[in-house]
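Here are my notes for your review. Please read them with the model open.

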Amino acid sequence: MKIGIGNDHVAVDYKKEIKLYIEEKYGYEVINFGTNSFERFNYPESGKAVAEAVVSGKVDKGILICGTGVGIGISANKVPGVRCVICSEPYSARLSREHNNTNVLSFGSRVIGIELAKMIVDEWLSSEYEGGRHQVRLDMIDEIEEQNKLVD
């Protein structure tokens, strides 16, 4: 499995620790789309890059980290085909995979501690989409997305 990871300047240390954690615990390849610099970096750039990598199939899933996880997650959700959950606890991470088939996870380095971040990542990576009754709702979400695509 390939995981794309992106961050801004606020989350450099978290990104490095989560990347290493995933590589060591799961053996997954983690591809960096974020910055390694503490100089100001605009989070929409890495949010978009990870989202596009997920949609194109370059990576299987994506993880995003900024100060709150909100801005970078919103950026990712602007890419058609992305279902990014902005998450601060493990329960929502798990249910987002089981019920919403999220393909990108976002959280904030200023909001949660690193050990809680690892728990969230564990729940999210180890959960599978259940399908069934949830597919009706995902189809509805896809329809909303299709209806609101910009026309050239």
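This is a predicted model: local features need pLDDT of at least 70, side-chain atom pairs count only at pLDDT 80 or more; totals for chains, interfaces and linings use all residues.

The points below cover the strands, the pocket and the cysteines.

1. Strand pairing. Strand β1 spans residues 2-7, and strand β2 spans residues 29-32. The two pair in the parallel sense. Four bridges join them. For a check by eye, take G4: its bridge partner in β2 is I31.

2. Crossover. Helix α1 covers residues 12-26. Together with β1 and β2, helix α1 makes a β-α-β unit. The unit is right-handed.

3. Pocket size and centre. The largest pocket holds about 260 Å³ of space. Its lining counts 13 residues. Nearest the centre lie N77, V82, R83, I141 and E145.

4. Pocket lining. Which element gives the largest share of the lining of the largest pocket? Helix α6, residues 133-147, does, with three residues. By class, the lining of this pocket divides into five nonpolar, four polar and four charged residues.

5. A search of the whole structure finds zero. C84 is in no disulfide, and the nearest cysteine sulfur, that of C66, is 9.7 Å away. What about C87? Its closest cysteine sulfur is in C84, at 9.8 Å, so the two are too far apart for a bond. The cut-off for a disulfide is a sulfur pair within 2.5 Å.

6. Cysteine burial. Are C84 and C87 buried or exposed? C84 has 11% relative accessibility, so C84 counts as buried. C87 has 3%, so C87 counts as buried too. The cut-off for buried is under 20% relative accessible area.

Key. Residues are numbered from 1 along each chain as its sequence is written. Side-chain values use heavy atoms; hydrogens and water are left out. On a 1 Å grid over the protein atoms alone, a cavity is a set of points where a 1.4 Å probe fits but cannot get out, and a pocket is an open set with protein on both sides within 12 Å along at least five of seven lines; lining residues have an atom within 4 Å of a point. Grid points are joined across faces, edges and corners, and a volume is the space filled by probe spheres set on the points. Ala, Val, Leu, Ile, Met, Phe, Trp, Tyr, Cys and Pro count as nonpolar, Asp, Glu, Lys and Arg as charged, and the others, Gly among them, as polar. Two strands pair if DSSP finds at least two bridges between them. A crossover is right-handed if, with the strands pointing away from the viewer, the path from the first strand over the helix to the second runs clockwise. Buried means under 20% relative accessible area, exposed over 50%, partly exposed in between (1.4 Å probe, protein chains only).
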